[in-house]
Structure formats: C-alpha cells, structure tokens
Amino acid sequence: METISIDIATLNIPALLPMAILALGALALICVDLAVKGLNRSFLTMITILFILLDLGAVLGYNGPVRGFFDVLLIDGIALIAQVILLVASAIFLPLSLSHRHFREFEMAEFYVLFMFMIVGFQCMVVSDNLILIFIGLETSSLALYTLIAMHNRAKAFEAAIKYFTMGALAAGFYALSALIFYAMSGSVEIHEIERVLQERNFEPLIGILAGAIFMLGALGFKLSLVPSHTWTPDVYEGSSAPLAGYMAVVPKIAGFVVAMRLFEMLIFSGVVWLEHILYIAVVLTMTLANITALVQEDVKRMLAFSSISHAGFMMAAILIGTTQSNTALFLYWTLFMFTNLGAFTMLWIVRHRKNLWDERYQHPFTKFSGLVKIMPATATIMGIFMFALAGMPPFSVFWGKLYLISAAINSGYIYLAVIIAINSAIAVYYYMKLAVYMFLKEPVMADARLYETNASTPLKVIVGVAVMITVFAIVFVEPLLGVLTKYVSMSGF
C-alpha cells in the first residue's frame with residue numbers, strides 16, 4: 001500500500017481558526033467553572049462576548065485560500081457575510097442576560113458553554129458545501145439550542161424544547177435521506193461536485209432530483225420556519241425567554257439561508273421547472289399563511305413569531321429569484337431586520353413581569369400594552385418605532401430591504417411575486433399597527449409604571465438604544481452596506 005502523504009500547507013489550518021476560538025473558549029470556560037464555583041453572570045457574559053469578538057476578528061482578518069481542511073471548508077463571500085451577521089447578533093444577545101431580575105439559566109456557566117458550541121455549529125453550516133459537515137453543524141447547533149430553551153426552567157419552556165426537539169429529529173431524518181439521494185446520484189457529498197455530475201447527466205433521473213429536493217426543503221424548511229414545517233415556531237417562541245426567541249428568529253435562519261442558497265439555486269438553474277414551482281408555492285404559502293394567522297393573535301410574542309415566519313418567506317423569495325441582486329437583497333434585508341427584531345424582543349424582555357397579570361395564559365397580551373404611552377411614553381414610542389420598521393414603512397430600516405428585494409424580483413421578471421410580496425407587506429401593516437393602536441389610542445388597564453420596568457437595566461437600555469438608532473437612521477448606511485454586500489456576493493459566484 002502507498003503511504004498517504006498530507007501537505008500541512010494545503011490543509012489551510014487557519015481557516016479553522018474562527019471556530020477553534022469558540023470551541024476552545026467553551027472548553028476553557030467549563031474547566032474554569034469546575035475550578036471556581038459561583039462565577040458571576042457578568043463575568044460569564046463578558047468572557048463569552050470576548051471570545052465571540054475574537055472569533056469575529058479572525059473572520060474579518062481572514063484572507064487566505066477559499067478552500068481548506070481536505071476541501072470541506074468553503075470560505076467564500078457569503079460565508080464571511082453570514083458569519084459576521086451571526087457573530088454580531090450573538091454579541092448583541094448576550095448582554096440581555098444582565099437584566100435586573102436574575103434568571104436561573106444566566107447564572108449557569110453551562111448556558112454560555114452551550115451558546116458558544118451552538119455558534120460553532122452555525123459556522124460549520126455556512127463555511128462548507130459538504131453535506132456531512134453541514135449536517136454536523138446543523139445538529140450541533142440544534143441540540144445546544146434545545147437545551148438553552150429548556151434551561152429557562154418554566155413549564156412552557158420544557159414543552160417548547162420537547163416540541164422543537166421532536167420536529168428537529170424529523171427534519172434531521174429528512175436531511176439525511178436527501179443527502180443519501182444526492183450521494184447515490186452523484187457519488188459525492190460536495191454540493192459543487194453534485195452540480196457538476198448532475199449537469200453532465202442533464203439532471204437525470206428527474207424523480208431522484210425531485211425526491212432529494214423535496215426532502216431537503218422539508219429539512220431546511222424546519223430550520224427556516226417555512227410552511228408547512230412552521231407549526232413549532234409560535235409555541236417555541238412563546239415558551240422561550242424573549243431574548244432567545246428574538247435570537248432564534250435571526251441567527252439559525254441566516255445559517256439555513258446560506259445552505260439553501262448553495263443547494264437550491266443550483267437546482268433551480270438546472271432547468272427543471274418543477275423545482276422552481278415547488279419553491280414558488282412554498283414561498284407564497286409561507287408569506288401569506290403566516291401573515292393571515294398573525295392577524296388573529298392575542299399575544300405580541302406569538303404575533304412576532306408568525307411575522308418572523310413571513311419574513312423568512314420573503315428571504316426564500318430572494319433564493320427563488322437567484323440573481324446577484326436578490327442574493328444581496330437577502331443579506332441586506334436580514335442585516336436590517338436583525339437589529340429591529342432583536343430590539344422588539346428586547347422591549348418584551350424589559351416589560352416582562354414574573355406573573356401573568358394581564359392574561360391567564362399569555363405573558364404579553366395586547367391588552368398589557370393598552371395606554372402605554374400614558375404610563376411610559378418613551379417605552380411606547382420605541383416599541384412603536386420597531387413596529388413601524390417591521391411593517392416596512394419608510395424611512396425605517398426594513399423598508400429598504402423590502403424595496404431592494406421587490407426591485408430584484410421585478411428586474412428578474414418575477415412580476416407576480418413582487419406583487420405578492422407587496423400585498424403581504426400591506427397585510428402585515430395591520431397586525432403591527434394593532435399594537436400601536438393599543439399603546440396610543442386605548443386607556444391603560446393598569447397604570448402602575450413599576451409593573452413595566454421590573455426587568456429594565458442599563459445594558460438592556462443601551463442595546464435598545466443602539467437598535468433604535470440603526471432602525472431610524474438606516475438610510476445613512478444602506479448604500480455603502482449594499483456596495484460591500486454586492487462585492488462579497490459577486491465574489492462567491494452568486
């Protein structure tokens with residue numbers, strides 16, 4: 001037998017550095033916790049943010065080869081953009097643990113360790129086109145996230161974690177089956193190699209490609225909350241803490257979008273019309289059904305959960321269109337949505353009360369916010385800004401993302417899709433403005449301001465302030481941001 005010789009230089013070990021930083025940081029934190037009992041939550045939060053910032057520095061500073069580590073890593077433009085988004089969102093999320101009230105999960109080092117491993121899983125998903133590594137990243141992040149939800153230590157949190165785990169197990173099975181089908185047809189688990197082999201075969205057999213695409217759509221549809229794999233979303237968001245719900249609406253989805261972009265855009269441009277039709281139907285149903293269901297919600301957190309499903313539908317429309325402009329629109333939209341959405345969920349965290357004083361079941365019913373402008377004018381105004389922004393009203397942040405997405409649809413000939421996006425945006429205005437009506441036009445149910453600020457703290461106020469500034473003044477940096485995103489998306493061949 002020939003001796004296997006591996007050139008260390010060709011492995012491109014530095015490509016592993018960002019993920020290695022967080023993985024080693026998590027292991028180090030476990031060891032410190034074993035040696036020193038009773039670590040302060042401020043220390044745990046700050047040390048985790050430090051490792052995330054080091055990870056971000058390694059991502060931004062990387063300019064080496066595109067592929068590495070036996071070619072399973074793919075460090076292209078969209079991988080860099082996605083990593084920046086998920087690391088920035090993670091760094092913004094962590095200070096939300098420093099609320100006035102102490103919660104059990106934020107006092108435990110295990111929470112922060114799992115959080116870092118979860119980020120490593122997301123990074124594995126976006127820096128590879130290898131179906132096996134993507135699966136490892138998907139399961140690593142999912143298992144950590146199930147546990148983080150359950151650590152909230154409420155009956156609803158346990159229920160949410162079990163529902164998420166059950167649906168996640170089904171999605172994992174779909175993913176494995178889809179990967180098996182693509183491997184059987186191409187003899188490879190690398191997406192670029194699968195594309196090459198299928199093109200040589202003129203994308204035959206058609207039944208195999210359709211089966212693989214449908215199973216993959218079911219798997220990624222769970223991660224992205226696409227209809228009909230969306231049913232877990234409102235219950236899981238309701239059972240989770242408000243910051244974690246806001247985090248789930250942003251970070252896991254950007255990782256899923258990158259995987260979907262790599263795989264589905266390759267399949268859509270295969271010329272197999274059925275694939276485009278299936279994705280078109282999924283996009284329209286996701287946007288429309290989520291918006292219609294959001295109209296009748298009685299709880300603000302559940303309303304935001306359904307709205308996040310609708311926003312995911314908008315993003316899948318960008319992948320369906322599949323042009324450089326639409327792919328750029330996806331990252332622009334999600335960057336702007338990230339700050340606004342996290343800001344809205346942070347406001348729910350600030351006004352959280354340990355007892356359900358306004359409703360027997362819901363923690364944040366619309367009636368809770370009745371007449372809020374007369375009790376806490378600043379809080380009502382800030383929440384109103386976030387609602388206007390999420391509704392896509394100018395000149396706030398999300399408006400520019402929607403405008404660019406609709407422009408991409410029209411420029412690519414997807415006129416009907418552009419109209420459907422516009423109609424769904426109009427529907428969304430109703431349920432976002434419903435909260436504004438309660439806050440500004442109704443009389444208070446309870447006029448005690450102390451009930452609305454038991455969880456407020458300086459770190460939370462700072463994060464809300466940053467989110468408001470970015471939401472309101474997005475017009476200032478949209479154009480330069482668009483230039484950067486277009487450059488990196490084009491560099492990746494998308």
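This is a predicted model: local features need pLDDT of at least 70, side-chain atom pairs count only at pLDDT 80 or more; totals for chains, interfaces and linings use all residues.
Biologist: Why is the pair of Tyr146 and Tyr164 called edge-to-face?

Modeller: The ring centres of Tyr146 and Tyr164 lie 5.0 Å apart, with the planes at 75°. Ring centres must lie within 6.5 Å to pair, and planes over 60 degrees apart count as edge-to-face, so the pair of Tyr146 and Tyr164 is edge-to-face.

Biologist: Which parts of the chain does this pair tie together?

Modeller: Tyr146 belongs to helix H6 (residues 131-150) and Tyr164 to helix H7 (residues 155-186), so the pair ties together parts that are 18 residues apart in sequence. Both Tyr146 and Tyr164 are buried.

Biologist: What makes Tyr237 and Phe345 an edge-to-face pair?

Modeller: Their distance is 6.5 Å centre to centre and the angle between the planes is 75°. The limits are centres within 6.5 Å and planes over 60 degrees apart; the pair of Tyr237 and Phe345 is accordingly edge-to-face. Tyr237 is in helix H10 (residues 233-239) and Phe345 in helix H15, 108 residues apart, and the pair links these distant parts of the chain.

Biologist: How do you know whether Tyr237 and Phe345 are buried or exposed?

Modeller: Buried means under 20% relative accessible area. Tyr237 has 0%, so Tyr237 is buried. Phe345 has 1% relative accessibility and therefore also counts as buried. Ring pairs join Tyr237 and Phe345 with Tyr146, Tyr164, Phe165, Phe222 and Trp232 in a cluster.

Biologist: Which residues touch the most other members of the largest nonpolar core?

Modeller: This core has 189 residues, and those touching the most other members are Phe257, Phe264, Leu304, Met316, Phe331, Met387 and Tyr432. Helix H15 (residues 324-350) contributes the largest share, 17 residues. Leaving aside neighbours within four places in sequence, Phe331 is in contact with several residues, including Ile78, Ile81, Ile254, Met261 and Val489.

Biologist: What is the make-up of the largest pocket's lining by class?

Modeller: The lining of the largest pocket has 21 nonpolar, 3 polar and 1 charged residues. The pocket holds about 490 Å³ of space. Leu80, Ile81, Val84, Val484 and Tyr488 lie nearest the centre among its 25 lining residues. Helices H3 (41-60), H4 (77-93), H15 and H21 (474-491) each give two or more residues to this lining.

Biologist: How many nonpolar, polar and charged residues are in the lining of the largest cavity?

Modeller: That lining has 9 nonpolar, no polar and no charged residues. Among them are Ala213, Phe264 and Leu279. The largest cavity has a volume of about 70 Å³.

Methods
Residues are numbered from 1 along each chain as its sequence is written. Side-chain values use heavy atoms; hydrogens and water are left out. A nonpolar core is a set of buried Ala, Val, Leu, Ile, Met, Phe, Trp, Tyr and Cys residues joined through side-chain atoms within 4.5 Å. Buried means under 20% relative accessible area, exposed over 50%, partly exposed in between (1.4 Å probe, protein chains only). Helices (H or I, at least four residues) and strands (E, at least two) are DSSP runs, numbered from the N terminus. Contact means heavy atoms within 4.5 Å. On a 1 Å grid over the protein atoms alone, a cavity is a set of points where a 1.4 Å probe fits but cannot get out, and a pocket is an open set with protein on both sides within 12 Å along at least five of seven lines; lining residues have an atom within 4 Å of a point. Grid points are joined across faces, edges and corners, and a volume is the space filled by probe spheres set on the points. Ala, Val, Leu, Ile, Met, Phe, Trp, Tyr, Cys and Pro count as nonpolar, Asp, Glu, Lys and Arg as charged, and the others, Gly among them, as polar. Rings of Phe, Tyr and Trp (its six-membered ring) pair if their centres lie within 6.5 Å; planes under 30 degrees apart count as stacked, over 60 as edge-to-face and the rest as tilted.
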